[in-house]
Amino acid sequence: MSNHPAFVETMTVRLKVNGREVVREVSVRRLLADFIREDLRLTATHLGCDHGACGACTVILNGASVRSCLTLAVQADGGEVTTLEGFGSDGDLDPLRQAFREHHAIQCGFCTSGMLITARELLDSTRGPISPEHVRHALSGNLCRCTGYANIIDAVVSVAARRD
Amino acid sequence: MKPAPFSYAAPKSLEEVFDLIELADGNARLLAGGQSLIPMLNLRQLRPAALIDLTRVSELSRLRREGGDLHLGAMVRHSEVESSSFVAKTHSILGRAASEIGHAAIRNRGTIGGSLALGDPAGEFPLVAAILGASITLRSRTRTRAVSAADFYFGAFRSVIEPDEILTEVAFPALPPRTTWGFQELCRRPHDFAIAAVGATITFDSHGRISRAAIGLGGVDETVILAADAAASLIGTEGTKTSIAVAAQAASLECKPVSDVRASADYRRQITRVLTARVLQEAVEKSKAS
């Protein structure tokens, strides 16, 4: 049966979060999103829908963006997680964060962390020019209920253009 | 919305997976990429007693070629299929189909085996597997069997996988020479669930006539289906606008779409005709270009 010792209900996980070693005992049903917010108190990562539709909880796991609400904390064991807190510091803003500020790409800010992480992956994984259409496609999995997206697209395109 | 309590195991080999399946005695779910299973757990649509996480079973993540056939392990991620030059070299339709699944963060986790095992009638991989005549390998501790993709589903989200089996691999046969393909789907928002999806391969003989065709329809029936009449109508033609229109019309009559919150049955049928014409045109144009 599933209460056999081969199946566990809690586990010790060891991982790197924003470059820092973390060791914690977690319930196996703990979502990575809740682990980041509740256990590690890193609250830039937001949880909107809990089923992968809104994109607010997007983080980088082992070099690739993931929905932290669709990943268990135990699945990050031995891995590396980067949240928005790992993107530069408030005194030395990441170019994307700076561009969001300059283009007023934020209203309530709830979706911003997921937007920035998805945009960062797009910039890092795309060679050559990035069109507004390209950005719209890449960000189509990140919902914003305030801005109407135009300023967000402008902000990402401006960073892409400076990079070329 | 958090998963109900479950117990968990993360085996490293298939042998261990079989041990755990036996121990769990029908009460466990296999966790592949989790992009459909975890939402169902979060919404508490499913409350399995245990999860067997396949992430660390490295033998399930292999890509290899045997003869001209492309074999993809069940845990190969959508993003890998999308970007792999190894895959694109012989089966570029797979990368195209993978690129339509969810969003980047979903494709980075979701797996081809998970998608095939789930059997969403609008799923991209069940659709291309049917079109390409793929063979899906199921293994239990005592037996290994290969099931053709066309015989794999008997209803929405219902497949022939037995409780003691695990989907380990899918093999895509080499495409015959002078074969081109088309793939398109209609979504309200880019990368959302498809209202309808259509894919096709066509093979021309040395005289420029179609000698072989496969047309697959997704999201417009209980399972993904092959539009056999539509494909047959193309044989011997040169893929002209007229023959494409005939095939598209036939395809729209071969499916049994339902009405739901996304679209009415009539609209789906109409879209099936339009998309079929477009993918066939896409395939014909590619053959002219090559």
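How many residues of chain B are in contact with chain A, and how many of chain A with chain B? In this predicted model, 35 residues of chain B are in contact with 31 residues of chain A, where contact means that the C-beta atoms, placed from the backbone, lie within 7 Å.

Before I continue, a word on conventions. Residues are numbered from 1 along each chain as its sequence is written, while chains are lettered from A and ligands numbered from 1 in the order in which they are written. As the model is predicted, local features need pLDDT of at least 70 and side-chain atom pairs count only at pLDDT 80 or more, whereas totals for chains, interfaces and linings use all residues.

I return to the interface. On the side of chain B that touches chain A, the elements giving two or more residues are β1 (7–9), α1 (14–24), α2 (37–42), β3 (50–53) and α5 (104–107) of chain B. Helices (H or I, at least four residues) and strands (E, at least two) are DSSP runs, numbered from the N terminus. By class, this side of chain B has 19 nonpolar, 11 polar and 5 charged residues. Here Ala, Val, Leu, Ile, Met, Phe, Trp, Tyr, Cys and Pro count as nonpolar, Asp, Glu, Lys and Arg as charged, and the others, Gly among them, as polar.

Let me turn to chain A. Its secondary structure comes to 5 helices and 5 strands, and along the sequence the pattern reads β-β-α-β-β-β-α-α-α-α. The radius of gyration of chain A, taken over C-alpha atoms, is 17 Å. Of the 164 residues of chain A, 46% count as buried, that is, 20 or more other C-beta atoms, placed from the backbone, lie within 10 Å of the residue's own.

Now to the domains of chain B. An automatic or database domain assignment divides chain B into domain 1 (7–53), domain 2 (58–172) and domain 3 (179–289). The centres of domain 2 and domain 3 of chain B, over C-alpha atoms, are 21 Å apart. Their contact takes 20 residues from domain 2 of chain B and 19 residues from domain 3 of chain B. On the domain 2 side, α7(B) gives the most, with 7 residues.

Finally, strand β6 (residues 135–139) of chain B. Ile136(B) and Leu138(B) form its covered face, and Ser135(B), Thr137(B) and Arg139(B) its uncovered one. Strands pair if DSSP finds at least two bridges between them. β6(B) runs antiparallel to strand β7 (residues 144–148) of chain B, with 5 bridges, and a hairpin of 4 residues joins β6(B) to β7(B). Thr137(B) stands opposite Ala146(B) in β7(B). β6(B) is also joined by 5 bridges to strand β10 (residues 166–172) of chain B, again antiparallel, with Ser135(B) opposite Ala171(B).

How values were computed:
Two residues are in contact if their C-beta atoms, placed from the backbone, lie within 7 Å. A residue is buried if 20 or more other C-beta atoms lie within 10 Å of its own, exposed if 12 or fewer, and partly exposed in between; C-beta atoms are placed from the backbone. The radius of gyration is taken over C-alpha atoms; the globule rule is 2.2 Å times the number of residues to the power 0.38.
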